[in-house]
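Take a look at the chains first, then follow the points topic by topic.

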Amino acid sequence: MSEEDMDSPVEIERPVVDRDEKMYKCINRECRKELSINDLDNVQGIKCPYCGGRVLIKLRPKQAKRVGCI
Amino acid sequence: MRIEFIPVDKDDTLMFIVEGIDATFANSLRRAIMTEVPVYACNEVVFYTNSSPLYDEVISHRIGLVPLTTPEGTDKDSKMVTMSLEAQGPTTVYSGSLVSDDPSVQPVNDEFPLLKLGPGQSISLNAECYVGYGKDHVKWQPGLVGYKNYPIIDVDKQRCNLCGECVKTCPTKILGIEEGSIVVLEIFKCTFCKSCEDACKRLNENEIITVRPMNDKFIFRIESFGNMSTKDLLNTALNVIEKKAERLDQLLNE
């Protein structure tokens, strides 16, 4: 690899994320709200904007998942 | 070569005696049946939802190991078959819940448990089934095959005192005393353990009974997993060996 190539920034293709898609879920038993990235942008740090719960779990994406039978 | 079939009670088992072959050919036949017969098995699973406690990978692995019926004449170029599964908890999902788009390709038994779903849990998937060979993955293995040499059990009737020690010692109980001599009742069950020889030597200090294998006669046992009948399995494997031999002959002539 030449020096010019090393200096030029490498562009990484990032997947397009739908910021309104419900990707997380608050595990607070009284809340259980599903949250999008936009919902999380409205609060400081990572916590549920509805109940303040600090433990969120990631939900299964809507895309079909292909798994090999190994 | 002479083949003699042995009657067996089970439908999925075939036993036969082959005479006039050597161990090399017997082993090539065993390997051909286990690794060269094309059968259907699930190769990939597309998951749409899975809220069960099991990971997608675990479920796909289990579905992959479900043996599927394979119609006659199937080869590597046969079309892909899709099976779909949709279930809502609480329930236990069995292989019978897999709905195939080709009625000739189905799970061989509807009662293989795949997973348990609790209340509110669900699963939805499509399983893609392809034709493959046992040499690539055990899910494409159509059955089990074993062979052993045909035993020869010789009894020196003149020196035998009919003490009955060999009859008592034999773990598979294949020996008996009939009309004043030792007789072999079920020779197929002999495992060459030579317990009878040892017991006889202990008491008589002579080799009155001897057990030895025949080198050109073999007892085969084929157990099918249900993908196809045992006779189809044997025929397909013999065709494979024949084609390979023809191909080798053709290459040598070129």
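B:Pro90 sits in the loop between strand 4 (81-88) and strand 5 (91-94) of chain B. A cis peptide bond, with omega about 0°, links B:Gly89 to B:Pro90. Helices (H or I, at least four residues) and strands (E, at least two) are DSSP runs, numbered from the N terminus.

This is a predicted model, in which local features need pLDDT of at least 70, side-chain atom pairs count only at pLDDT 80 or more, and totals for chains, interfaces and linings use all residues. Residues are numbered from 1 along each chain as its sequence is written, chains are lettered from A and ligands numbered from 1 in the order in which they are written, and side-chain values use heavy atoms, with hydrogens and water left out.

**A sheet built from both chains**

- An open sheet of 5 strands runs in the order 4(A)-3(B)-8(B)-4(B)-6(B), with antiparallel pairing; two strands pair if DSSP finds at least two bridges between them.
- Strand 4 (65-68) of chain A and strand 6 (99-100) of chain B are at the edges, each with a single partner strand, so one side of each has no neighbour in the sheet.
- Strand 4 of chain A is joined by 4 bridges to strand 3 (residues 39-50) of chain B, and the two run antiparallel.
- Opposite A:Val67 stands B:Val45, in strand 3 of chain B.
- Strand 3 of chain B is also joined to strand 8 of chain B, by 10 bridges in an antiparallel run.
- The bridge partner of B:Tyr40 is B:Val131, in strand 8 of chain B.
- Helix 2 (residues 56-64) of chain B lies across strand 4 of chain A and across strand 3 and strand 8 (122-132) of chain B, at about 155° to strand 3 of chain B.

**Where the chains meet**

- In all, 17 residues of chain B are in contact with 9 residues of chain A, where contact means heavy atoms within 4.5 Å.
- About 1100 Å² is buried between chain B and chain A, and carbon and sulfur atoms give 43% of it; buried area is the accessible area (1.4 Å probe) that two parts lose on being put together, summed over both.
- On the chain B side, B:Glu44, B:Phe47 and B:Asp56 lose the most area to chain A, together 32% of what that side buries.

**Two packed helices in chain B**

- Helix 1 (residues 23-35) and helix 5 (residues 230-253) of chain B pack at about 115° with axes 9 Å apart; axes are lines fitted to C-alpha atoms, for helices over the stretch in contact, and angles run from 0 to 180 degrees between N-to-C directions.
- That makes helix 1 of chain B roughly perpendicular to helix 5 of chain B (angles of 65 to 115 degrees count as roughly perpendicular, under 35 as roughly parallel, over 145 as roughly antiparallel and the rest as oblique).
- Helix 1 of chain B brings B:Phe25, B:Ser28, B:Leu29, B:Ala32 and B:Ile33 to the contact, and helix 5 of chain B brings B:Leu233, B:Leu234, B:Ala237, B:Leu238 and B:Ile241.

- Strand 10 (residues 175-178) and strand 11 (residues 181-184) of chain B pair in the antiparallel sense over 4 bridges.
- B:Gly176 stands opposite B:Val183, in strand 11 of chain B.

**A sheet within chain A**

- Chain A has an open sheet of 3 strands in the order 2-1-3, with antiparallel pairing.
- Strand 2 (34-35) and strand 3 (56-58) of chain A stand at the edges, each with a single partner strand, so one side of each lacks a neighbour in the sheet.
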